[in-house]
Amino acid sequence: MTPSTRIAVLASGRGSNLQAILDAIAQGALQAEVVGVFSDRRDAQALQRLPAAQRWAAAPRDFADRAAYEAALGDAIAASAPDWIVCAGYMRILGEAFVARFDGKLINIHPSLLPLYKGLHTHARALEAGDTQHGASVHFVVPELDAGTVLAQARVDVLPGDSPETLAARVLAVEHPLLIASLQLLASGRVTEQNAQLQLDGHPLFSPLVLDSARMLQPA
Ligand code: GRF
């Protein structure tokens, strides 16, 4: 039996992306196991989605400083020996030492078409700008917020009358298949990253892959 890909998930809130990963594994669509959920909030709903033995949560304010918190978080994650670490609604910026420790295996899902709208309130900002399309991105994590190389994106149309909430719901519906398709690709070993340059099947990838209507990733 080939060993399955080990995935650790960082989450601060609801955890619907974590649930999408768990569901894809249960359905046999993703050859992987979730080895732990890690949170900066003890009350995060995401924690409840895994058995107690696979949960880690701590409040950063209980540590001397951010470096101490991230060292403890990093130790807990390292102990679960993940192949990939997925930030899925983890609402803190990760420091340089943490990112360096897990360099090349740390990805994030962000609800915008990066490089547009890094940071918070992405849906409201897309509406304010009058954008006709919005979406989500899966990217490698670097210390600068939402600035790492983008692996894949999914687009949705902005509809007349959209509110930040209706738009967020439409984006979330594509986030889940986007994350699963990205993890399928990463787990297959077909994607590598070196010096911020992605390669797919040994060929440089100059623009993000795009999720199609069959929920597959295609070159743009
Ligand atoms: C998602 O929109 C994700 O893109 C963003 O935070 C939200 C988390 O949702 N980073 P959930 O906790 O996975 O339901």
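These legends describe close-up views of a predicted model. Local features need pLDDT of at least 70, side-chain atom pairs count only at pLDDT 80 or more, and totals for chains, interfaces and linings use all residues of the predicted model. Residues are numbered from 1 along each chain as its sequence is written, and side-chain values use heavy atoms, without hydrogens or water.

**View 1. The annotated domain, residues 6–181.** UniProt lists this span as "domain: Formyl transferase N-terminal" in an unreviewed entry. UniProt positions follow the numbering used here, feature names are shortened, and annotations may be inferred rather than shown by experiment. The end C-alpha atoms of the span lie 16 Å apart. Helices (H or I, at least four residues) and strands (E, at least two) are DSSP runs, numbered from the N terminus.

View 2. Residues around the ligand (a heavy atom within 4 Å) are Arg-14, Gly-15, Ser-16, Asn-17, Gly-89, Ile-109, His-110, Pro-111 and Glu-175. A backbone N or O atom of Gly-15 lies 2.7 Å from a ligand oxygen atom. For Asn-17, a backbone N or O atom is 2.9 Å from an oxygen atom of the ligand. A polar backbone atom of Ile-109 lies 3.2 Å from a nitrogen atom of the ligand. Taken alone, the ligand exposes 370 Å², and the protein buries 86% of that. Accessible areas come from the Shrake-Rupley method with a 1.4 Å probe.

**View 3. His-110 in strand β5 (residues 106–110).** The unreviewed UniProt entry lists His-110 as "active site". His-110 counts as buried because its relative accessibility is 5%; buried means under 20% relative accessible area (1.4 Å probe, protein chains only). A polar atom of the His-110 side chain lies 2.7 Å from the backbone oxygen of Tyr-117. Leaving aside neighbours within four places in sequence, His-110 has contacts (heavy atoms within 4.5 Å) that include Lys-118, Thr-122, Ser-137, His-139 and Asp-146.

**View 4. His-139 in strand β6 (residues 133–140).** His-139 has 2% relative accessibility and therefore counts as buried. Beyond four places in sequence, the contacts of His-139 include Leu-106, Asn-108, His-110, Asp-146 and Leu-151.

**View 5. The β8–β9 hairpin.** Strands β8 (residues 191–194) and β9 (residues 197–200) run antiparallel, joined by 4 bridges. Strands pair if DSSP finds at least two bridges between them. Thr-192 stands opposite Gln-199 in β9. The hairpin has 2 residues between its strands. Asn-195, in the turn, has a positive phi of about 50 degrees.

Notes
Buried means under 20% relative accessible area, exposed over 50%, partly exposed in between (1.4 Å probe, protein chains only). A polar contact is a pair of N or O atoms within 3.5 Å; within protein, one must be able to donate a hydrogen and the other to accept it, and residues adjacent in sequence count only if both atoms are side-chain atoms.
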